[in-house]
Amino acid sequence: MWTYTGLRIREGRGWTDNSGVKHPAQWTRWTAEEKAAKGLVWVDDPVQYDSRFYTGDGTPKALEDVSEEIDGETVVTKGLKSNAIAQVKATAGGLLQPTDWMVTRKAETGTEVPSAIGDYRTAVRTASEAIETAIAGATTLEQFKALYDAPVDADGMPTGNAPINNWPETI
């Protein structure tokens, strides 16, 4: 991006320099020498980091929980893996919740849970266990990030769910 005294100058728009001189919207047609003579400086756009895995300055977030002593107390900052597992548990709970009443009814009255519902609930619990195992097994940030990548075919089209989102189809 082009800047003038640290301020971004947008292409296709005129701008005024510190001397009050107004420059036309066609300034982008100037040569590199003309732009430099007017005080324009090219600055590469800042690198954007995926906030799921990195802090704003590009520092990788911790995979594991971090404990530290602050004023005599142990403070634990949850790592990416703990947060992801908590999200998996919440998602599984949300998927099971609509059919919880059937399980309660079975316990209270003996009314059977339809087999399709029982199969679905088992599939959700199995998927949750598999996803949690994959998260726990990631030992590097690259392995952890790969859990968020959906498989693709030769044309780059998704062929399934990302491992972190590999849930059974809702019934």
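**Reading the helix pair and salt bridges**

Q: Why are H2 and H4 called roughly antiparallel to each other?
A: Their axes cross at roughly 175 degrees. Angles under 35 degrees count as roughly parallel, over 145 as roughly antiparallel, 65 to 115 as roughly perpendicular and the rest as oblique. The crossing of H2 and H4 therefore falls in the roughly antiparallel class. The axes, lines fitted to C-alpha atoms over the stretch in contact, with angles from 0 to 180 degrees between N-to-C directions, also come within 10 Å.

A note before we go on: this is a predicted model, where local features need pLDDT of at least 70, side-chain atom pairs count only at pLDDT 80 or more, and totals for chains, interfaces and linings use all residues. Residues are numbered from 1 along each chain as its sequence is written, and side-chain values use heavy atoms, leaving out hydrogens and water.

Q: Which residues make the contact between H2 and H4?
A: Contact means heavy atoms within 4.5 Å. On the H2 side (residues 80-96), the residues include Ala84, Val88 and Lys89. On the H4 side (residues 115-137), Tyr120, Ser128 and Glu132 are among them. Helices here are DSSP runs of H or I with at least four residues, and strands are runs of E with at least two, numbered from the N terminus.

Q: What makes Lys89 and Glu132 a salt bridge?
A: A salt bridge needs a side-chain nitrogen of Lys or Arg within 4 Å of a carboxyl oxygen of Asp or Glu. For Lys89 and Glu132, the closest N and O atoms are 3.1 Å apart, and the pair qualifies.

Q: How do you know whether Glu132 is buried or exposed?
A: Buried means under 20% relative accessible area, exposed over 50%, and partly exposed in between (1.4 Å probe, protein chains only). Glu132 has 18%, so Glu132 is buried.

Q: What classes do Glu112 and Lys106 get?
A: Glu112 has 54% relative accessibility and therefore counts as exposed. Lys106 has 34%, so Lys106 is partly exposed. These two also form a salt bridge, with their closest N and O atoms 2.8 Å apart.

Q: Why does Thr3 count as buried?
A: Its relative accessibility is 9%, so Thr3 is buried. Thr3 sits in strand S1 (residues 2-4). Leaving aside neighbours within four places in sequence, Thr3 is in contact with residues including Arg8, Gly39 and Val43.
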